[in-house]
Amino acid sequence: MGKLLFRLLLIPFLFLSLYSCTFGPQPDKIIRATVEFDEDLKFGNIEVVEIFKKRIGKISNNFKVEKIANRNQIMIEFATHYDSDRAKKLLITQGDLNFYEAYKVDEITPFFEGINDFFNTTKDQNISPIFDITSNKGRKGGAVLLTALEKDTLLINEYLSLEELGKKLPTERRFVKFVWGRKEKYTNSFSLYALKLSEQLKPAIRGGVIEQARQEFNQMSDPTITFKMNEEGSKQWEDLTGKAFKNHFQIAIVVDNEVYSAPSVATGSIKGGMSEINGGFTLEEAQDLANILNSGSIPKVNIVSFNVEKLK
């Protein structure tokens, strides 16, 4: 009787497991979109089509991606439960991942002081144009230079581009790249970073070395993205993290010219090419970015048309 009861209980359990695995969020719409590239891809069209197929194939079993003949455009159609904004972001996000050495705020402070001196000399005023409109100054030894509201970032960018002040930077202006971070959830402000460029004006590590990315959760149960690098990337990552530990600088993880996080290295060089991106993600953001990083990066695109058909 005990064995029979166990079998009877097992059958509905197996059915429930099969049901829950097979039936997730069901598509409630068909999205048809056309994307156009800013530049002529020439022979790169086929590769980009395949990247879009990988991206869309992760979220839909019913999709079509085709290059439009004689045009620099790609047509994309797929059934999905994604809302329009999420689907659009999946289509236009380049997924250009790079890793940079970040300057410490102490190294950039003379540049900010130079901006103040420049305005006070030329306009005979006692002002601090950078810090008067910032939310917070960065902490000594940290990578965040300052934080500011979105409405002030354009003006700060103008100050940062003043050619007369390049000599106040720790190196030539062309080797310094100022980049804003993502919008902070609770303050709606943005953090500013100064990143180091190599002599070839490139980051320390390019994202093409990423072999696999996954959405996971950290110890605080926040959505994160873990990634594994290939052999070449693992060696570069070991060297970079070892250098960061020795010289006490942070490594900026940048996606599409936005700093997602800038972790410090507390325990020496990291071997094996494994690491994590913490960017204050929602679960959907982390899932989509992991999908994009796994699929590969694309050039900048514009959405030419975007239509949604509700399924009955």
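Before I show you anything, one definition: a pocket here is an open set of grid points where a 1.4 Å probe fits, with protein on both sides within 12 Å along at least five of seven lines, and a residue lines the pocket if it has an atom within 4 Å of a point. Please also keep in mind that this is a predicted model.

With that in hand, let's go to the largest pocket. Its lining is made up of 32 residues, and those nearest the centre are K89, R182, Y260, G279 and E285. The volume of this pocket is about 900 Å³. What classes of residue make up the lining? There are 12 charged, 11 nonpolar and 9 polar residues. Four elements each supply at least two lining residues: helices α3 (84–92) and α7 (283–295), and strands β8 (189–196) and β13 (258–261).

Let me stay with α7 for a moment. How far apart are its end C-alpha atoms? They are 18 Å apart, which agrees with expectation, because 13 residues at 1.5 Å a residue should span 18 Å. Several residues of this helix are buried, among them A286, L289, A290, I292 and L293, and the buried ones also include D288, N291 and S295. Just after the helix comes G296, with a positive phi of about 115 degrees.

Now, stepping back to the whole protein. We have 312 residues, and 42% of them count as buried. The secondary structure comes to 7 helices and 15 strands. If you take contacts between residues at least 6 apart in sequence, 68% of them join residues at least 24 apart. The accessible surface is about 18,300 Å², and carbon and sulfur atoms account for 51% of that.

Is L146 buried or exposed? Its relative accessibility is 0%, so L146 counts as buried. Leaving aside residues up to four places away in sequence, L146 touches a list that includes F112, I130, F131, I156, W180, F190 and L192. N136 is on that list too, and although N136 and L146 are 10 residues apart along the chain, their C-alpha atoms are separated by 5.6 Å.

The other stop is Q73, which sits in strand β3 (residues 73–80). Why does Q73 count as buried? Its relative accessibility is 9%, and the cut-off for buried is under 20%, so Q73 falls on the buried side. With residues up to four places away in sequence not counted, Q73 touches T34, V35, E36, K67, I68 and V304.

Notes: Residues are numbered from 1 along each chain as its sequence is written. This is a predicted model: local features need pLDDT of at least 70, side-chain atom pairs count only at pLDDT 80 or more; totals for chains, interfaces and linings use all residues. Side-chain values use heavy atoms; hydrogens and water are left out. On a 1 Å grid over the protein atoms alone, a cavity is a set of points where a 1.4 Å probe fits but cannot get out, and a pocket is an open set with protein on both sides within 12 Å along at least five of seven lines; lining residues have an atom within 4 Å of a point. Grid points are joined across faces, edges and corners, and a volume is the space filled by probe spheres set on the points. Ala, Val, Leu, Ile, Met, Phe, Trp, Tyr, Cys and Pro count as nonpolar, Asp, Glu, Lys and Arg as charged, and the others, Gly among them, as polar. Buried means under 20% relative accessible area, exposed over 50%, partly exposed in between (1.4 Å probe, protein chains only). Contact means heavy atoms within 4.5 Å. Accessible areas come from the Shrake-Rupley method with a 1.4 Å probe; for residues, only the protein chains shown count as cover. The expected span of a helix is 1.5 Å times one less than its number of residues.
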